[in-house]
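This briefing is for a reader meeting the structure for the first time. Please look over the sequence and the model below before reading on.

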Amino acid sequence: MAKRILIVGGGLAGTIVANGLCRQLAGELASGGATITMLGATDKHMYQPGLLYVPFGRIREAELFRDQRKVLDRRVAFHVDPAKHIDAETKTVTTESGKTFSGDYLVIATGSRIRPDNIPGMEEGGHWFYDLDGARKMRDALATFEGGKIVVNVNVPHKCPVAPLEITFMLRDYLKGRGILDKSEITYTYPVGRLHTLEPVAAWAVPEFESSGIKSETFFNTKEVDPKKKTVTSEEGTTLKYDLLVTIPPHSGQQVILDSELGAGGWVPTERETLLREGSKEVFVVGDTTNLPISKAGSTAHFEADTIVDNIASLVKEERWARFYDGKVFCFVETGLHSGTYVWFNYTTPPNPGPPSQMIHWFKLAYNRLYWLSARGLL
Ligand SMILES: Cc1cc2nc3c(=O)[nH]c(=O)nc-3n(C[C@H](O)[C@H](O)[C@H](O)COP(=O)(O)OP(=O)(O)OC[C@H]3O[C@@H](n4cnc5c(N)ncnc54)[C@H](O)[C@@H]3O)c2cc1C
């Protein structure tokens, strides 16, 4: 009997799992000993980290997208038919069109979504760069900005742990480039008592903020935005006035996860080393959709996906596990429009950001293009 692998979600993690399995199970796929099916919500694949550059006009929108069919190995049976219900016990998925798909192995890779609607006034009063529409509107708002108060308002949970710091430093350089930094004030808000959840990153950011004159408000859990008064208020009782509000909206998991009762907030309880859904033997969870207390990032999704590829291939071929996920995350960090650094960490090693350099910024720009090779499994 062919081993059927069913992947739900065709973003970064699902794509790397699918393409990696095609390589490792080439013989089984050719002989009919395995099949790989993917259910996606769209026929386009978006490179989300590229959104960071849209507000500054530093990337062409076309560079963000490829046809998902072209990114996927041709041996993957790809259906644009979003999952409506996932039954993790029977590994069966019912789609929006009413079809039913089952697998011997199920991989849940549906990612996360922004929820500005969860905070009163944020949709009307805030700008963000976490989706294309938002990034375009932020680009337009910046183009007409002539100086004033910018509040960078960070809410959790959110994907890409360093994007809020990156956008802050890039805004500083952008304002400087337009000659309006002196007429502007940037205030960064963060929900806990420091500039970042990861303590070493928070400590690294302090002198960067001080040398740039960037202000901060910690313990700022956003309660509401008042678009008329142009204020943002925290649960802790602080109110900040803004001329431009740049928010990182809170995120949740996808509706299908909630509707299928697979996890509170849309995050699926996941074993940290095997990446199995808690309580399941052949249901893997990968990328943003896990409930693991680690960064929701493309690199996390990539390293997790590589682990799942090795394990599913090993289970199919030899009925044994290959290896465990060690919590590895690697992120480039833009520290302005012309410099960058990077952090890496895992379950046991904390991050240790180094001094910024132009070279690392160029690496990040290069990776923005190399991503497509990486998603295909060629890098
Ligand atoms: C502005 C920005 C900057 C970022 N910068 C970085 C960075 O520098 N470095 C980094 O490592 N990460 C970065 N990230 C984060 C990174 O993009 C995500 O963490 C990564 O894409 C997560 O991969 P995923 O496969 O879990 O989710 P996604 O890539 O979001 O894929 C989920 C897929 O599931 C599909 N889907 C949803 N619902 C259904 C359904 N019901 N049925 C079927 N399919 C469904 C979606 O259409 C999507 O294709 C950034 C993100 C943003 C927004």
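The shell around the ligand has 32 residues, and those that come nearest are Ala 13, Gln 48, Ala 83, Asp 288 and Gly 298. The model is predicted.

**Ligand surroundings**
- A nitrogen atom of the ligand has a backbone N or O atom of Gly 298 at 2.8 Å.
- Polar backbone atoms of two further residues face oxygen atoms of the ligand: that of Leu 12 is 3.1 Å away, and that of Thr 110 is 3.4 Å away.
- On its own the ligand has 1000 Å² of accessible area, and the protein covers 91% of this.
- Helix H1 (12-24), strand E2 (34-40) and helix H9 (298-318) are the elements that give two or more residues to the shell.
- H9 supplies the largest share, with three residues.

**Helix H6**
- H6 runs over residues 163-177, which makes 15 residues.
- From first C-alpha to last, H6 reaches 20 Å, close to the 21 Å expected at 1.5 Å a residue.
- Because 13 of its 15 residues are buried, H6 is largely enclosed by the rest of the structure.

**Surface patch**
- A nonpolar patch on the surface is formed by Met 359, Trp 362, Phe 363 and Leu 365, which together have about 430 Å² of accessible area.
- Trp 362 belongs to helix H10 (residues 358-376).
- Trp 362 counts as partly exposed because its relative accessibility is 47%, and that class lies between the cut-offs of 20% and 50%.

Definitions and conventions
Residues are numbered from 1 along each chain as its sequence is written. This is a predicted model: local features need pLDDT of at least 70, side-chain atom pairs count only at pLDDT 80 or more; totals for chains, interfaces and linings use all residues. Side-chain values use heavy atoms; hydrogens and water are left out. Helices (H or I, at least four residues) and strands (E, at least two) are DSSP runs, numbered from the N terminus. The expected span of a helix is 1.5 Å times one less than its number of residues. Buried means under 20% relative accessible area, exposed over 50%, partly exposed in between (1.4 Å probe, protein chains only). Patches are made of residues with over 30% relative accessible area and no salt bridge: like charges are joined within 9 Å, nonpolar side chains (Val, Leu, Ile, Met, Phe, Trp, Tyr) within 5 Å. Accessible areas come from the Shrake-Rupley method with a 1.4 Å probe; for residues, only the protein chains shown count as cover. A salt bridge is a side-chain nitrogen of Lys or Arg within 4 Å of a carboxyl oxygen of Asp or Glu. A residue is near a molecule or strand if one of its heavy atoms lies within 4 Å of it. A polar contact is a pair of N or O atoms within 3.5 Å; within protein, one must be able to donate a hydrogen and the other to accept it, and residues adjacent in sequence count only if both atoms are side-chain atoms.
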